[in-house]
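Subject: Structure handover

Hello,

Please find the structure below. Notes on what was found in it come after.

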Amino acid sequence: MEQSLKQAYEETEYRVHNRPDLVLRIGIANAALAIAHEQYGVSSSLFLTAWNPYTHEYPCSAAENQRRQQQLLDQLEHSGLSYWPGIGQHPSGAPAGEESVLIFGVTRDDAKALGIQYEQNAVVWSARDAIPQLIFLR
């Protein structure tokens with residue numbers, strides 16, 4: 001993976017909708033996330049999108065991204081995992097943000113599996129310490 005793409009992932013803000021104090025930044029502890037973990041009785045969480053598999057040079061169409069994201073949401077509903085909607089957005093505003101979800105109670109291994117299933121280069125996973133970390137999958 002190109003260094004510039006890795007840097008973009010590291011700089012991206014992983015925002016949870018309607019929770020203005022919950023913006024995940026790689027490597028920075030997030031007190032609001034720690035509270036959310038406690039609220040749901042979990043020790044980890046995963047921020048994931050199904051958009052733009054493997055960050056193709058030419059992103060998927062809006063319709064394809066919506067279809068992929070709905071598939072992820074349907075899977076989460078079926079699994080019974082709690083989640084909050086969000087968006088991954090680079091501070092520069094380019095490229096456009098990607099619809100995402102913050103999923104509670106996902107182990108590191110399950111985070112990797114979901115990322116691979118939805119053809120992502122990386123996922124954002126947080127352990128009990130509520131410090132978001134990138135897990136590169138390719």
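Predicted model: local features only at pLDDT ≥ 70, side-chain atom pairs only at ≥ 80, totals over all residues.

Residues are numbered from 1 along each chain as its sequence is written, and side-chain values use heavy atoms, with hydrogens and water left out.

Overall layout

The protein chain has four helices and seven strands; helices (H or I, at least four residues) and strands (E, at least two) are DSSP runs, numbered from the N terminus. Along the sequence their pattern is α-β-β-α-β-α-β-β-α-β-β. The C-alpha atoms fill a box of roughly 40 × 30 × 30 Å along the principal axes. The radius of gyration is 14 Å, which agrees with the value near 14 Å for a compact globule of 138 residues; it is taken over C-alpha atoms, and the globule rule is 2.2 Å times the number of residues to the power 0.38.

Of the 138 residues, 42% are buried. Buried means under 20% relative accessible area, exposed over 50%, and partly exposed in between (1.4 Å probe, protein chains only). Contact means heavy atoms within 4.5 Å. Among contacts between residues at least 6 apart in sequence, 61% join residues at least 24 apart.

Cores

A nonpolar core is a set of buried Ala, Val, Leu, Ile, Met, Phe, Trp, Tyr and Cys residues joined through side-chain atoms within 4.5 Å. The largest has 17 residues, of which Tyr14, Leu22, Leu24, Phe47, Trp84 and Leu102 touch the most other members. Two or more residues come from each of β1 (13-16), α2 (31-40), β5 (98-104) and β6. The largest share, three residues, is from α2. Another core, of 16 residues, lies apart from this one and includes Leu46, Leu48, Leu76 and Leu114.

Aromatic rings

Rings of Phe, Tyr and Trp (its six-membered ring) pair if their centres lie within 6.5 Å; planes under 30 degrees apart count as stacked, over 60 as edge-to-face and the rest as tilted. There are five aromatic pairs by this rule. Tyr14 and Phe47 have ring centres 5.4 Å apart and planes at 70°, so they are edge-to-face. Tyr14 is in strand β1 and Phe47 in strand β3 (residues 45-48), so the pair ties together parts 33 residues apart in sequence. Tyr14 is buried at 7% relative accessibility, and Phe47 is buried at 4%.

Tyr40 and Trp84 are also edge-to-face, because their ring centres are 5.7 Å apart and their planes are at 70°. This pair links helix α2 to strand β4 (residues 83-89), 44 residues apart. Tyr40 is partly exposed at 30%, whereas Trp84 is buried at 8%. Together with Phe104, these two residues form one aromatic cluster.

A charge sits over a ring if NZ of Lys or CZ of Arg is within 6 Å of the ring centre and within 35 degrees of the ring normal. The charged end of Arg19 is over the ring of Trp84, 3.7 Å from its centre. Arg138 lies over the face of Tyr54, 4.3 Å from the ring centre.

The β6 hairpin

Two strands pair if DSSP finds at least two bridges between them. β6 and strand β7 (residues 133-136) run antiparallel and are joined by four bridges. They form a hairpin with six residues between them, and Ala130 in the turn has a positive phi of about 60°. Trp125 stands opposite Gln133 in β7. Ser126, in strand β6 (residues 122-126), is buried with a relative accessible area of 1%.

Regards
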